[in-house]
Amino acid sequence: MFSQTKKKDTIKEEAIKAVNIYKKNFKEILPAQILQGEELERLSSHSVADALRYFSGVQIKDYGGMGGLKTVNIRSMGSQHVGVFYDGIQLGNAQNGLVDLGRYSLDDLEEISLYNGQKSEIFQPAKDFGASGSIYLQPKTPVFTGNKKTNLLIRAKSASIDLFNPSFRLEQKISKRISASVSAEFLQSDGLYKFYYGRKNPDGSVAADTISKRYDSDIKAKRFETALNGTLNNGSWNIRGYGYISNRGIPAPIVKYRFKARGARMRDENYFVQANFRKKLFPKFETQLKAKFAYDYTYFNDTVLSQAQYPAKNTYIQREVYFSSSNIYTINSNWDVSVSGDFQYNNLDADLRDFSYPTRYTTLVALATTYQWNRLKFLGSLLGSFTSEDVKMNFKADDRREWTPAFFISYQPVSIPELTLRAFYKNIFRLPTFNDLYYTSVGNTFLRPEFTHQYDLGFTYQKKYDKSLFKGLYIKVDGYYNRVTDKIVAIPTTNMFRWMMLNLGKVEIIGADVNVQTEMMLGAVKVRPLLSYTYQSAKDKTINDGPGPKTETYYGQQIPYTPRHSASFTLMADYKDWSFNYSTIYVGERYDGQQDNIRFNYIQPWYTHDLSVQRKFSLSGHPFKINLEMNNVFNQYYDVVKNYPMPGRNFRLTLNFTL
């Protein structure tokens with residue numbers, strides 16, 4: 001079930017024995033949108049990007065197929081403003097600021113949560129205060145029942161797009177305080193699927209109307225992960241290693257009847273090792289240490305050089321080192337204060353001509369406090385960001401020092417205890433990426449940081465009913481206003497790995513998010529309908545200060561790829577060992593990256609309907625589960641990004657066996 005609040009501080013006793021889940025009540029102010037547990041398996045989702053489509057306020061850019069890039073944008077502020085955290089530490093990409101969510105499988109995840117503004121905790125690293133919106137991916141923690149010391153889950157998936165996807169997860173209880181887990185996954189697909197190509201001329205006449213095949217979205221990928229978890233007296237620790245290796249086709253845009261394979265090839269290797277240590281040193285003082293080292297290798301080859309104006313065949317290597325110290329002190333039962341300090345080192349090598357070989361040093365300091373007075377809760381934070389950069393050649397960007405505040409408040413009326421009112425303001429910025437600043441012939445070292453001002457006002461109503469039919473109701477509504485200055489938009493040019501930076505100057509976003517869910521019992525059948533709706537008016541309000549017209553033709557128009565209306569509806573039903581899931585997603589009309597909202601740039605609305613049925617068995621005393629999915633039931637042909645067609649109707653079979 002979609003849960004809009006964090007899990008409570010206490011969990012199953014077995015989990016406490018396996019790993020320390022010691023948590024403090026942080027008096028949460030902003031509820032999160034959460035997908036967790038079995039529902040992650042039931043939704044027709046393969047990757048994290050697929051699952052996030054069911055959250056309100058989210059836009060996913062999907063360039064098609066298994067190998068296509070998949071990024072997320074929250075409330076139209078840009079993908080680089082979204083912090084993605086894996087097991088509590090941010091996934092980084094200093095090169096272009098994008099995290100490809102297609103790389104992260106749902107199989108090993110216990111929970112996905114999305115926060116607007118920031119997580120309303122103060123006992124967290126300084127980086128957690130530094131994004132306009134945050135996505136937290138929480139890997140599974142070993143849980144052992146009774147005297148069991150070993151858990152083994154074997155999973156196999158097959159799909160009509162020639163998908164072969166086996167995986168396993170092994171959990172071992174080493175001692176009363178230590179447990180370990182190892183998981184691995186292999187994914188292979190030829191990426192072939194049919195698509196419809198239809199285009200109209202500016203005068204409305206038909207320019208193209210045909211069905212063809214997608215050829216350049218194949219992928220072969222391996223993922224492996226291992227973790228060691230331990231508990232201490234009033235504390236915990238864990239070490240995690242992660243690796244992802246892939247060789248994939250990067251889909252090219254479908255233009256001018258060029259349907260055959262003509263995209264690029266990319267080989268990438270992504271590794272990281274991270275550690276976390278947390279301990280309550282004194283009754284009122286707790287500390288947390290985090291560290292990470294990441295290494296990313298990418299080889300990109302434009303396979304059809306004659307069709308690229310600027311052919312590419314390059315190697316990129318990124319390195320990241322990260323350290324964090326967070327400390328919280330409890331003044332009294334209603335008042336906490338914290339201070340956090342982070343240091344991060346980023347380096348980028350590339351075999352480009354006249355490349356700058358940049359290195360960035362980032363220091364972050366966060367001061368925060370939370371206070372509760374009766375039914376009123378308040379959280380305030382102040383983040384200091386200090387960066388400096390070195391280059392081996394060419395000019396370097398200036399050093400930067402910024403202080404950015406955030407304020408959150410909530411109130412629960414005495415007369416209506418089921419109702420919670422809330423509001424927040426946050427000011428934050430994101431630095432230009434290495435590509436923005438230093439990419440040969442494209443980068444501009446004089447780019448300014450991109451600032452956002454976020455204002456939010458909303459309420460949550462949650463009530464349980466002791467009735468045979470109607471069990472509960474949850475409503476969450478938010479209205480918001482975001483102002484982005486010096487906005488930088490990255491769009492692909494001649495190929496998927498070469499980007500052109502557009503500075504829109506100023507964007508104003510007015511929007512609303514609505515989430516409604518309930519639970520009913522129809523005899524022995526449990527039914528859970530879930531609805532999410534988003535309205536966004538995101539307009540370019542740039543005024544030119546230089547010579548020429550003060551405004552462009554697209555002034556006041558909707559920015560690229562932002563629909564005014566989008567929604568999702570999910571219906572889950574459970575009867576004994578059977579489960580049924582229906583979901584539909586609707587995305588309204590948009591305009592592509594050419595900025596002007598004219599007929600030629602128009603992208604029509606799209607919707608999909610997905611069905612799945614699941615049955616649980618007992619096989620030789622061990623749990624066995626089979627899941628059959630039919631995605632895009634009505635075989636709609638659509639583009640999420642113009643000229644990057646998505647698959648039509650497809651099927652997937654998943655088998656799960658637990659020892």
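This is a guided tour of a predicted model, stop by stop, with what to select at each one.

**Before you start**

Residues are numbered from 1 along each chain as its sequence is written, and side-chain values use heavy atoms, with hydrogens and water left out. In this predicted model, local features need pLDDT of at least 70 and side-chain atom pairs count only at pLDDT 80 or more, while totals for chains, interfaces and linings use all residues.

**Stop 1: colour by confidence**

Colour the chain by pLDDT, the predictor's confidence in each residue, from 0 to 100. The chain mean is 84, and 88% of residues reach 70 or more. Now select residues 1-26. Their pLDDT is below 50, yet beyond near neighbours in sequence the stretch has 77 contacts in the model. A contact means heavy atoms within 4.5 Å. Where pLDDT is low, the predicted coordinates should not be read in detail.

**Stop 2: the five-stranded open sheet**

Strands (E, at least two residues) and helices (H or I, at least four) are DSSP runs, numbered from the N terminus. Two strands pair if DSSP finds at least two bridges between them. Show the open sheet with the order E1-E6-E7-E4-E5; its pairing is mixed. At the edges sit E1 (33-36) and E5 (89-90), each pairing on one side only. Move to E4 (residues 82-86) and E7 (residues 133-139). They run parallel, with five bridges. Pick Val84: its bridge partner in E7 is Ile135.

Step back to the loop between E3 (70-74) and E4, and select Ser76. Its phi is near 65°, a positive value in a residue other than glycine. Is Ser76 buried or exposed? Ser76 is buried, because its relative accessible area is 1%, and buried means under 20%, exposed over 50%, partly exposed in between (1.4 Å probe, protein chains only).

**Stop 3: Leu232**

Go to strand E13 (residues 219-232) and pick Leu232. Leu232 counts as partly exposed because its relative accessibility is 29%. Show its contacts, leaving aside neighbours within four places in sequence: Arg177, Trp237 and Phe277. The C-alpha atoms are 8.9 Å apart, with a sequence separation of 46 residues.

**Stop 4**

Strands of a sheet pair through backbone hydrogen bonds, either parallel or antiparallel. Select E18 (residues 335-350) with E19; the two are antiparallel over 13 bridges. Gly341 has Val365 of E19 as its bridge partner.

**Stop 5: the nonpolar patch**

Switch to a surface view. Select Tyr329, Ile331, Trp335, Tyr371, Trp373, Phe378, Phe407 and Ile409: together they form a nonpolar patch with about 750 Å² of accessible area. Patches take residues with over 30% relative accessible area and no salt bridge; like charges are joined within 9 Å, nonpolar side chains (Val, Leu, Ile, Met, Phe, Trp, Tyr) within 5 Å. A salt bridge is a side-chain nitrogen of Lys or Arg within 4 Å of a carboxyl oxygen of Asp or Glu. Areas come from the Shrake-Rupley method with a 1.4 Å probe; for residues, only the protein chains shown count as cover.

Which elements give two or more residues to the patch? They are E17 (313-332), E19 (359-373) and E21 (400-411). Tyr371 lies in E19 and is partly exposed, at 33% relative accessibility.

**Stop 6: Asn635**

Finish in the loop between E32 (622-631) and E33 (639-641), at Asn635. Asn635 has a positive phi near 55°. Asn635 is partly exposed, at 23% relative accessible area.
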